[in-house]
Amino acid sequence: MSAHIGALARARRPGGADRAGWRDDPWRVRSEHRPATAAALLRVRDAEARQAGSGTRWRAVVSAGTRREIGRWANEAAESLGALRGVQGSGTTREVARVLLESLTDSAEKVDLALLTAARAALDAGVGLDEVAGWCRLPAGDLVRILAQPQDDGQDEDGTARL
């Protein structure tokens, strides 16, 4: 749209018309705005068909609740880590070590929950086990064993958040 308006503005400018004329054509479509050719679309579709899970979009195959849960765990871990700024500045060695280690452990648990939720979603979406295990930096057998366990939602039995 801006190219079209620019062509109209250049055409109305005195002496601003392009000598070649092709740039001032208000109906000209830039190459990046032209639709892909059928051959290009078929090549992309063929390449995606060869790789499991690659032809789908994350937002289309992973539910909004699962995406929200992954984001929530990642955000909570980031907040926990952010709260550690300045904790080493004062206090006794024992107190600082306790706060630091408890906070890091809590953050690691939240990152683990986000990681496992994302891994489960990727496997459910059709991505290969070996690929997901490699991205998680776990052996495939260990990932299957961990994901086979009941899902931990980070809450105690009474529904309160575990700290």
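Okay, let's start with leucine 81: it's partly exposed, with a relative accessible area of 41%. By partly exposed I mean between the two cut-offs, where buried is under 20% relative accessible area and exposed is over 50%, with a 1.4 Å probe and protein chains only.

Quick word on the model: it's predicted, so local features need pLDDT of at least 70 and side-chain atom pairs count only at pLDDT 80 or more, while totals for chains, interfaces and linings use all residues. Residues are numbered from 1 along each chain as its sequence is written, and side-chain values use heavy atoms, leaving out hydrogens and water.

Back to leucine 81, which sits in helix α4, residues 64-82. Helices here are DSSP runs, H or I, of at least four residues, numbered from the N terminus.

Next, valine 61, in helix α3, residues 58-61. Valine 61 is partly exposed too, at 37% relative accessible area.

Now helix α5. Aspartate 106 is in this helix, which covers residues 93-124. Is aspartate 106 buried or exposed? It counts as buried, because its relative accessibility is 12%. Its side chain makes a polar contact of 3.1 Å with the side chain of lysine 110. A polar contact is a pair of N or O atoms within 3.5 Å; within protein, one must be able to donate a hydrogen and the other to accept it, and residues adjacent in sequence count only if both atoms are side-chain atoms.

Threonine 117 is also in α5, and it's buried at 6%. Its side chain reaches the backbone oxygen of leucine 113 at 2.7 Å.

Definitions and conventions:
Helices (H or I, at least four residues) and strands (E, at least two) are DSSP runs, numbered from the N terminus.
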